[in-house]
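This report goes through one protein structure, from the whole chain down to single residues. Keep the sequence and the 3D view at hand while reading.

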Amino acid sequence: MLEDKRLIWKLKAGDAGALRQIYEKYKDELLTIAVSLLGERETAEDILHSVFVSFAKEIERFRLYGNLKNYLIVCVVDRVRQRFRSKMYEVVGLESTGPIRAETERPDELIAGAEESQMLADALARLGWQQREVVVLHLQGGMKFSQIADMQGVSISTVQSRYRYGLDKLQSISDGEVIQ
C-alpha cells in the first residue's frame, strides 16, 4: 500500500514510469478478472487499457483512500458492466479467449492446464452475471465479501448467497449435470 501511494505521488509529479509500474504490477490480475467476466480476451484488453488511460487522465484529482488494486478492480468491473449495459455488446463463446498460460514447460501439463482452464471458463460463462461477478471477484480478485457488497450495493448476506449458489452451480456443471 505504501508502494502504491509512492507510485501515485510519482505519477502526479509527472513520472510516466510510475504508471508503467502500476500497470505491470496489476495488469495480469485485472486482465484475468476482465476475461473471466467477459469471456473475450480482446475486449477485456480494451477495457483494461481504457481503465488505465482514464486513471492517468484523472490522476491529479485522484486520492487513494484504500487499496489501489481493489480500486482498479472496481474500475474494470464498472467498465465490464457498462459494456453489458450497452446493447452494442454481444456475448460470445469463451473459445475465443484462448488458454490461460500454465507455469510449466512440459507439453502434457500445458495441454491438461489448457483443458482445465477452458472447462472453468465455460463453466463460469454458464453462471448468471451476479454470481459470476461475485465468484470471480472473491476467488480471482481476492476481494472480501464486504468489499463486493459495497461495490454491488447489496448486503453481505446477498453476496455470500450469490457466492454459494455460484459455487454450487460450478460444482453441478463439473459433475455433468444440466443447468438451466
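## The chain as a whole

The structure is a predicted model. Its protein chain contains 8 helices and 0 strands. In sequence order the pattern reads α-α-α-α-α-α-α-α.

The protein chain has 180 residues, and 38% of them count as buried. Its accessible surface is about 10,900 Å², and carbon and sulfur atoms account for 52% of that area. For contacts between residues at least 6 apart in sequence, 64% join residues at least 24 apart.

## Helices H3 and H4

H3 and H4 have axes that come within 10 Å and cross at roughly 125°. This angle makes H3 oblique to H4. The crossing of the two helices is right-handed.

On the H3 side, the contact is made by Thr-43, Ile-47, Leu-48, Ser-50, Val-51, Phe-52, Ser-54 and Phe-55. On the H4 side, the residues are Leu-68, Tyr-71, Leu-72, Cys-75, Val-76, Arg-79, Val-80 and Arg-83.

## Helix H6 and its partners

H4 also packs with H6: their axes come within 12 Å and cross at roughly 160°. Angles over 145 degrees count as roughly antiparallel, and H4 and H6 are therefore roughly antiparallel to each other. The crossing of H4 and H6 is right-handed. H4 contributes Ile-73, Val-77, Val-80, Arg-81 and Phe-84 to the contact, while H6 contributes Trp-129, Arg-132, Glu-133 and Leu-137.

H6 packs with helix H8 (residues 156–174) as well, at an angle of about 95° and with the axes 8 Å apart. That makes H6 roughly perpendicular to H8. The H6 residues here are Gln-130, Gln-131, Val-134, Val-135, His-138 and Leu-139. They meet Val-159, Arg-162, Tyr-163, Tyr-165, Gly-166, Leu-167, Lys-169 and Leu-170 of H8.

## Aromatic rings

How many aromatic pairs does the structure hold? There are 6 aromatic pairs. A pair of aromatic rings is described by the distance of the centres and the angle of the planes. For Phe-55 and Tyr-71, the ring centres are 6.4 Å apart and the planes stand at 50°, so this pair is tilted. Phe-55 sits in helix H3 (residues 41–57) and Tyr-71 in helix H4 (residues 68–85), so the pair links distant parts of the chain, 16 residues apart.

The two partners can also be described by their accessibility. Phe-55 counts as buried, at 4% relative accessibility, whereas Tyr-71 counts as partly exposed, at 34%. Both belong to a cluster that ring pairs form from Tyr-23, Phe-52, Phe-55, Phe-62 and Tyr-71.

## Ile-22 in helix H2

Ile-22 is part of helix H2 (residues 16–38). Its relative accessible area is 0%. Buried means under 20%, so Ile-22 is buried.

Apart from residues up to four places away in sequence, Ile-22 touches Leu-7, Ile-8, Phe-52, Phe-55, Leu-68 and Leu-72. One of these, Phe-52, is 30 residues from Ile-22 along the chain, and the C-alpha atoms of the two are separated by 9.3 Å.

## Gly-141 in a loop

Where does Gly-141 lie? Gly-141 is in the loop between helix H6 (129–139) and helix H7 (145–152). With 0% relative accessibility, Gly-141 counts as buried.

Gly-141 and Ile-33 are 108 residues apart along the chain, with 6.7 Å separating their C-alpha atoms.

Neighbours within four places in sequence aside, Met-151 is in contact with Val-74, Val-77, Arg-81, Glu-133, Leu-137 and Met-143. Among them, Val-77 is 74 residues from Met-151 in sequence and 9.4 Å from it in space, C-alpha to C-alpha. Val-77 and Arg-81 of H4, and Glu-133 and Leu-137 of H6, also take part in the contact between those two helices.

Key: Residues numbered from 1 in each chain as written. Predicted model: local features only at pLDDT ≥ 70, side-chain atom pairs only at ≥ 80, totals over all residues. Heavy atoms only, no water. Phe/Tyr/Trp six-rings, centres within 6.5 Å; stacked < 30°, edge-to-face > 60°. Helix = DSSP H or I, 4+ residues; strand = E, 2+ residues; numbered from the N terminus. Buried < 20%, exposed > 50% of the residue type's maximum accessible area, 1.4 Å probe, protein only. Contact = heavy atoms within 4.5 Å. Areas by Shrake-Rupley, 256 points an atom, 1.4 Å probe, with all protein chains shown as cover. Axes fitted to C-alpha atoms, helices over the stretch in contact; angles between N-to-C directions. Parallel < 35°, antiparallel > 145°, perpendicular 65-115°, else oblique. Left-handed = near helix turned anticlockwise from the far one by under 90°.
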